[in-house]
Amino acid sequence: MAFWLASKRQGQDSDWIERFDPRFWTVNFPRPMMASVVATAPDALRIEATFLRHADLGGLIWDSADTLDHPLLGYRTDRDYRHTSLSLRWRSSGVVPLDAVNGPTLTIEGRNESGAARTWYVRLWNYAEGAGEDATITLNFSALDGGFSLPADADPVWAGDIDRMFISFAPPGYDGASTAALDAPREGWIELSQIRCDGARAMLEIGDVMIPPHGLAIATGFDDQGVQTPSRLLRAIRQLGYRGSIVHYVGMSHYFGLGASDDAFLVGASGDVLNTPTRAWHAAFFSEAVAMGFSPVASLSYEVLAQHCPPAWQQRDHLGNPALTGWEPPSTLLSPANGAAMAWLRGVAEAFATLMAEAGAPVRFQIGEPWWWTFAAGRICLYDDAAKAAFGGAPVAIPDMRAPLSAAQTALLDAAGAMLAASTAALVSAVRAAVAPAPVEALALVFTPTLLAPDMPELKRANLPLGWAAPAFDRLQVEDYDWLTTGADGHRRTAHAEVDARLGYPATEQDYLAGFVLDPANADQWRRIDAGIDEAFARSPHEIVIWALPQVARDGYVRLPTISGDDDMQAFDDVLYPLALGRDATVIPEFSTSVSITASGFERRNSLWSNARLRFDVGPGVRSDAELGELIAFFRARRGSARGFRLRDPSDYSSAGMVGVPGARDQLLGTGDGLATDFALVKRYGEGDAQQVRRVTRPDAPSVQVAVGGVVQTQGWTLLDGGTIRFDAAPASGLDVRAGFLFDVPVRFAEDQLEVSGAAFAAGEAPSVPVVEIREAA
């Protein structure tokens, strides 16, 4: 199916919003503080904050440039705030009030009239009427002064070039310097209502594209997107054509309640497993999702930011090293053997399930990537104190999962797998009990590139345990991100088959998670991801989910829906044109080139096609009344130009030169990398930079020969539909993959009518029967 990476709107639908629309504010804060913002009305928003240290300072942010929304949905950048005003009502509690020292300040970042970078600090109390915790504020950006006391400290703001502005909020007792913990976490909230923007630049153009539903669901992540309002995220999801499930990863760094412990802030040390901003945000998110027709899935993993995880809860390898991921800062994995860690995790699951039930959402709960962490060097983390005790006190060491293992080592892996399965079963049971008698849909997410890594064949004993076999979960969700984006198609196919055989979930009880592109510099990986989605549809899974919205928005990925009738338009009859083309047949290779002539007479030429498209006139090949009848019957069977067919080009049908006898080493298809198993048939024309590569999609199957590293391959490969060679095992890195073949051209009749004059034909005049090549692959 077609897709598009949009970088900007180019004529797509747009609408208008009032500048300072509550949906498009964000929050920011230093860890371990937490804050969230929710749009509560068309002109109102509410901030919840949890402060842990004397120096905690949060900000409510308005950006002049929309860097968070999809390019087709973002609001237009407008840095000029002159002749514009903002008015609102302020109400707050638990934060420094407007009239106090260190009270809420509007920080404006931009440039002065000469273009030099400037920052202004506008004390909101100077523009407020009312009390410190309940006031109306009016800001006229053409007459705005920074400074604490006015007019004594006045610092006039030039509002013609503003990048962003943010309103600060801090806990009572804020000192701006000390990182010491408060005596107890403090909760604060702010409500901004009656938000109104007036003046010459009060409205902003905003993208209003509505992609028709394309059959995909979407994933989100609270760690990445919890600084935005739920309304903003759900607007993007709906307008980009996603429907059905929203797999919402609650994250590993922000959702939890924290308590001070010595010099750290740790999970499990506070009275509530969730912090207040997280509760408020998710209550709104689940509720608004249901109102828009979505079905959210709460995804909870065993992963926790390492700096907030009690050391005793962390998985460890046989050397005592904690399980640390490659993120910065690193996260760690909770040990399934640690009773306190698992009790806390069950409490988290119960809390999110209860929030879903209270929002009126069906309770759908996913355990995301539960595993025993394994370092790239092969050290598996089965040796925290709780795990060692559970495995008999002195379990056998496994220093390298890549090496051959003894019976004692595989037995330890089996025991670890049973423990992991027991921990996930207890998690599901806790969720069911929390919302009983309401039903719960339980899902498990498995990451095949790690769990079924070819260099660690026994890892599945611990991390893909048989205790997960159907019906342990209502549905299985499978992801193969790394293999998909690196082209490791053989590993992917093997893994899908092994998951099916080992756990026994039919396709209708599996979801496929597609994605993801970690680095925006690798946006070309969306091509493989989109192809993987098409492949997944052929397996008929229950649902296909894109991971995830942050990357979709960042790279501008747009999945286009299937247009009704596409299948008929692309219909192809895999039959050969029945009449031989004689020397009189016309063959016309054509390109498409735009040529513009400048005022001075010079030309500028732009080649629009990378390869020629062929046209033929097969009429001169008709030599008798019998052949004319055969042509007419063939034309009618193709319904004119509706259906394609094969045609043998008499001047170019072989990989060996133009019409030579093919050999296995004729054409270079590619070079092995140890991962890729699929190589498309191609024919190359020309040399060097001018070489053109023609995709061959209709080879003559019996004629195809293959060589790898110069050695002819008589087995170990298959010719797929569409002219692709698939190897059973990926060719080794550096080896040339070559092939030889005969081939036909996919064509269709160029017109829907066939005009033949009987008298002219009887007089020896050949009819004109134009045929045009069909593009089947890039």
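**Group meeting: rings and a buried helix**

Okay, let's start with a cluster: ring pairs link F20, F24, W25, W62, Y75, Y81 and F141. Keep in mind that this is a predicted model.

W371 sits in the loop between β24 and α5, while F447 is in strand β25, so the pair ties together parts that are 76 residues apart in sequence. Are these two buried or exposed? W371 has a relative accessible area of 9%, which makes it buried, and F447 is buried too, at 10%.

The charged end of R123 sits over the ring of F148, 3.9 Å from its centre. Likewise, R539 has its charged end over the ring of Y512, 5.2 Å from the centre.

Now, helix α2, residues 230-239. Nine of its ten residues are buried, so the rest of the structure largely encloses it. Among those buried residues are R232 and R235, along with L233, L234 and I237. Just after α2 comes G241, with a positive phi of about 90 degrees.

Zooming out, the protein has 15 helices and 46 strands. Its C-alpha trace spans about 105 × 80 × 50 Å along the principal axes, and 50% of the 778 residues are buried. As for charge, there are 64 positive and 95 negative side chains, and the centres of the two sets lie 3 Å apart.

Note on methods:
Residues are numbered from 1 along each chain as its sequence is written. This is a predicted model: local features need pLDDT of at least 70, side-chain atom pairs count only at pLDDT 80 or more; totals for chains, interfaces and linings use all residues. Side-chain values use heavy atoms; hydrogens and water are left out. Helices (H or I, at least four residues) and strands (E, at least two) are DSSP runs, numbered from the N terminus. Buried means under 20% relative accessible area, exposed over 50%, partly exposed in between (1.4 Å probe, protein chains only). Lys and Arg count as positive and Asp and Glu as negative; His and the chain ends are not counted. The place of a charge is taken as NZ of Lys, CZ of Arg, CG of Asp or CD of Glu. Rings of Phe, Tyr and Trp (its six-membered ring) pair if their centres lie within 6.5 Å; planes under 30 degrees apart count as stacked, over 60 as edge-to-face and the rest as tilted. A charge sits over a ring if NZ of Lys or CZ of Arg is within 6 Å of the ring centre and within 35 degrees of the ring normal.
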